[in-house]
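Ready to work through how two chains touch? Grab a pencil and try each exercise before you read its solution.

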Amino acid sequence: MPIVMFIDDSETALASTKIATASMPIDVKQYLSAVDALEVINSGEVMPDLIITDLNMPVMNGLEFLKEIRGLAKTKKTPVLMLTTETKDELKQQGKALGLTGWIVKPFNPTQLQAAITRVLRLG
Amino acid sequence: MDNTKKLLESMTEILNHIKEVQEEVMDLSKESVVTISNYLGENNLPLNDDVIKALQHQDIISQQLSATVVAIEAIDKNIKYYTHALTEDAGILTDGFDKLHKKLVISLEEAKSKKSAFSGNAMGSDSADDSEIEFF
């Protein structure tokens with residue numbers, strides 16, 4: 001099963017994404033910080049097929065995390081979706097320039113989130 | 001000078017009380033949603049999109065309240081700085097008050113900016129994009 005990594009500093013946000021994707025044929029891995037997620041990627045413990053990350057997080061935000069993983073050979077082309085309350089075009093453009101796959105605004109629609117994951121992972 | 005100091009101290013006490021209440025509400029609401037989410041997940045209960053969207057509102061509420069807590073902390077810090085300076089030199093009463101006012105206005109603007117940034121599609125935010133998912 002493809003591995004989908006969810007990163008969000010909110011426990012309740014992670015709980016919502018877990019419930020929303022429970023019926024999908026994916027292996028969900030959740031992290032409360034981008035630093036922790038980066039650590040498991042760096043160590044090779046987890047190699048995600050898709051990363052869905054929050055933007056506003058302490059220590060390392062979603063864009064900083066994206067920049068870090070784009071610098072690694074193994075995640076240079078891993079699809080990344082930003083799941084955030086932010087809607088500013090300026091931030092979207094920054095993400096796009098860093099090779100972001102897409103932008104999802106919170107609160108997300110579960111059906112649309114599933115469709116986005118299906119599309120990116122070509123599960124259909 | 002004493003009256004000004006007393007008034008400002010009362011304001012910071014009120015604001016800190018509001019901050020404590022907000023922090024308790026955030027903790028309590030988080031605990032509730034985590035409990036409900038775990039129960040729903042463990043029992044494989046059928047959920048529709050509206051319920052899952054509703055569960056996400058706690059996250060939005062927490063972010064909004066966190067932003068106001070940050071604003072209160074900034075206001076508290078600036079008022080304390082001013083009242084301390086006032087104790088040292090009563091002559092700064094007017095000039096210092098102008099500076100304090102400017103700092104409070106900045107704190108308010110930052111808080112308003114965060115309100116917009118942390119609303120997403122919830123609470124009828126004006127900045128919300130109709131299309132929830134955008135691919136690049």
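A polar contact is a pair of N or O atoms within 3.5 Å; within protein, one must be able to donate a hydrogen and the other to accept it, and residues adjacent in sequence count only if both atoms are side-chain atoms. By that rule, 12 residue pairs are in polar contact across the interface of chain A and chain B (both at pLDDT 80 or more).

The model is predicted, so local features need pLDDT of at least 70 and side-chain atom pairs 80 or more, while totals for chains, interfaces and linings use all residues. Residues are numbered from 1 along each chain as its sequence is written, chains are lettered from A in the order written, and side-chain values use heavy atoms, without hydrogens and water.

**Exercise 1.** Work out how many residues each chain gives to the contact (heavy atoms within 4.5 Å).

*Solution.* Step one: chain A gives 33 residues. Step two: chain B gives 30 residues.

**Exercise 2.** Find the area that chain A and chain B bury between them (accessible area, 1.4 Å probe, lost on being put together, summed over both).

*Solution.* Step one: the area is about 2900 Å², with 60% of it on carbon and sulfur atoms. Step two: 23% of what chain A buries against chain B comes from T12(A), I19(A) and P107(A), more than from any other three residues.

**Exercise 3.** Count the salt bridges between chain A and chain B (a side-chain nitrogen of Lys or Arg within 4 Å of a carboxyl oxygen of Asp or Glu).

*Solution.* Step one: the count is three. Step two: take K106(A), whose side chain meets that of D59(B) in a salt bridge at 3.2 Å, N to O.

Terms used: Buried area = accessible area lost by both parts, 1.4 Å probe.
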